[in-house]
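Please look over the structure shown here before reading the points that follow.

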Amino acid sequence: MKHKESLKKTPIEWQPLKMPIALFLIGIIFAMSIILVSDHYYKKIQNDFTRIESNLKSLQKRNDEIQKNLAIVKTAYPKYENLKTLHFFDNETASLNWVSWLKTLQENIKIPELNYEFNVQQLMTLSIFNSKKSNSVEFFTSEIKLTIQIVHLGDLFDLIQGLSKFYQLPLFNIKNCDIKRKHPADFIWQQHPGQPLLEAVCTLQWYSAKLKPQENTK
Amino acid sequence: MKAQPIIYFSDNQWIIYQLIEKAVLEVRRFSNDEKGRISFKQWLPESPLKSWYQPISIVVDSRQEEYHWEKVPHVSIRDRQELLQLRQRKWFSNTPYSFAHIQGKSQQLETARLEDQALCIGLLQPDPLQSFVQILLEHKIVIQGIYSLPLLAENLLKSLPTAKYTLLVMHTEPLNDSQPFGLRQVFFVDNKLVLSRWIGVSHTSTSMFSAFLIEEINKTRQYLLGINALFHEYYLNAFIFTEYQYIDEINEFAKQKSFVNITLKLYNAAHWTFQEGLHKSSSPAHLYCLILQRLKQSSPTNHYARSFERRYFKYFKLRQILYFITATFVSISTLFTGHIIWQMYKTSLQTTDLNMQFTQMEVAYRETKALQPEDIDVLALKDTIDGVDWLSKRQRFPLQSFNFISNYLIDFPQLFLEKISWSYKEEISQPIGGENPTSKIQQLLQAKRKEAGLNESKFLELIVLEGKISPFDGNPGKALETVRNFEQHLKKDKRIKEIKELVLPLNLSTINITKGNLTHSNTPAKEAPFSLEITLNM
């Protein structure tokens, strides 16, 4: 009984435990602090590394892309410059040039009569761009119907060749061409000199393009 | 090596020992009375005991210690503690210092009932020890345990020859001037303590020590027989540890006298303890010193110390655990931090390297970018050129076809053309798997076809010739032959893909009815028209 009483009455003596508990707490705080601080800085450095690595990868990608673009530019830009010179992107000027050149050719080839008819311009879809969600250039087609009175077929040939020469880049196309004899078989041309013998109706398609507003990719 | 303190506590005195390597050295001795307690109290604050600040073991060597060696029913481990406590309360209800433990298991042959051999020991007069412990606690001395010296003596048996019944006889510390030493007889069965006797030896007894010793051993034997701890038919193996000067005397005496079932084995205590690894001990209690040394080596279960008396030991252990945990935490965290710092260093080096690469690449990038045109986006540029190329490939002129036909018509002047129409059509080859091939095989095949140029569109030019036979002699058969000849002539050319006869000189038609007059069959036809659609593969 005495023993039990003594045991119950004995309070915990903190004196001998103060120092180890204090050291323990300081140790824990110190340990946690250095772990947390070092971990914090490690994460920071790791984040910096990851960021720079990601930036470098991105730059590498952009660099590869720009190198590819440069290769494209080297081959394509001179052609583009030429197209610009030929007013490929300026529909109005191009149509004026067409009229002017047709007139010149008529005079040069001595075509008795040449009538033209410009149809409305239409947006065209090129099948090579079908798979692309959007392309940065729009192509247009315009039709010119030419009704030509000629003495012989060679005049028509001269006219077509003349058109090709005018337009350095072959950006027009002949869609169809009908040539009709104007007189019966027994018609004697020598009795009616200067009269056209043939009438040709040809439909030409000529192309132009319009650049979509440039996105700032730089 | 750090000195380890041990207190020897007997009815007459207490002795402070310190264990240093292979020596048990006496530090101070106090008489077990009021005078001794006062001087101990005065000595203690300045004593090395406090400065050592390490656990102290108290070994009790008392004549007041009582032994109850008995069989108890074999019970489960859970109930065993309660059973032992009951035994302690039965035998030692008036003392706080008692101890009971199970020594082993035995079986009664008659009943086949399992029984355990238990030993219950206690101090009948606890007050001197209690007051001594109180002094230690007042000074916050860490008490690891209070041990019974006879029970600790079990540790010595492993160094002695094995025997069923063993009696260990050894000298105690000197008691006073009239008693230079005492004799401690400890009896074991199967190397387990049964009881112990303490006998004082006077100067008179020392003169006839051999006779006195043998008589006391005989007395012990008789007592053991009396309590059925030993049986007549068994030998009692007495191991006597004594001083060098008594050995010859005892041997002489033993030769003269015959013993009944007692085997005597004599040992020079000082020599034997030296052999056992205790190189320095105080005479004559060499074996006591060996027991103290082995106590520190083995750290046995506490026998007598109560929980509150061992509280400083608990604090001591707790302090040790706290220090250990703290040291472990700090060490691990330091190692971890060191590792992290090393990783940080390596990462920093890599970052610097990447930074340099980035700077170099950025310069190259800017230089390349400066070469890009400003007026057009590269994508638009590519699309424009691709589009123009695509259109260029589709460019068609009639000149070649007209020349082709003209060359053939020269050989057929009868064919008078009234109209010639030219157009073209694009024949697109059907890709494998449609426009969007799904399977990999289809994609592969399509790629192969594209490589071989099989996917390219083909342009077919169409020429429609309308005319008539001129001059016409009225013979439609001949006219037809002329047209067919022309067709055959054309078909020889590989560029001709197909010729369709739209209108022939007989003018048979799927729409119009063809009529004739057989009566006037000689009437000639007026005209022989024809119309052919020629498909050219130019």
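1. M19(A), L23(A) and Y323(B) together make a nonpolar surface patch of about 270 Å² accessible area. Patch members have over 30% relative accessible area and no salt bridge, and nonpolar side chains (Val, Leu, Ile, Met, Phe, Trp, Tyr) are joined within 5 Å. Accessible areas come from the Shrake-Rupley method with a 1.4 Å probe, with only the protein chains shown counting as cover for residues.

2. The model is predicted: local features need pLDDT of at least 70 and side-chain atom pairs pLDDT 80 or more, while totals for chains, interfaces and linings use all residues. Residues are numbered from 1 along each chain as its sequence is written, chains are lettered from A in the order in which they are written, and side-chain values use heavy atoms, without hydrogens and water.

3. Y323(B) belongs to helix α12 of chain B, residues 311-370; helices are DSSP runs (H or I, at least four residues) numbered from the N terminus. Because its relative accessibility is 32%, Y323(B) is classed as partly exposed (between 20%, under which a residue is buried, and 50%, over which it is exposed).

4. In chain B, 77 residues are in contact with 85 residues of chain A, where contact means heavy atoms within 4.5 Å. The two chains, A and B, bury about 7,500 Å² between them, 72% of it on carbon and sulfur atoms; buried area is the accessible area (1.4 Å probe) lost on being put together, summed over both parts.

5. Two salt bridges are found across the interface of chain B and chain A (a side-chain nitrogen of Lys or Arg within 4 Å of a carboxyl oxygen of Asp or Glu). R311(B) and E13(A) form a salt bridge through their side chains, at 3.2 Å from N to O.

Definitions and conventions
Patches are made of residues with over 30% relative accessible area and no salt bridge: like charges are joined within 9 Å, nonpolar side chains (Val, Leu, Ile, Met, Phe, Trp, Tyr) within 5 Å. Helices (H or I, at least four residues) and strands (E, at least two) are DSSP runs, numbered from the N terminus. Buried means under 20% relative accessible area, exposed over 50%, partly exposed in between (1.4 Å probe, protein chains only).
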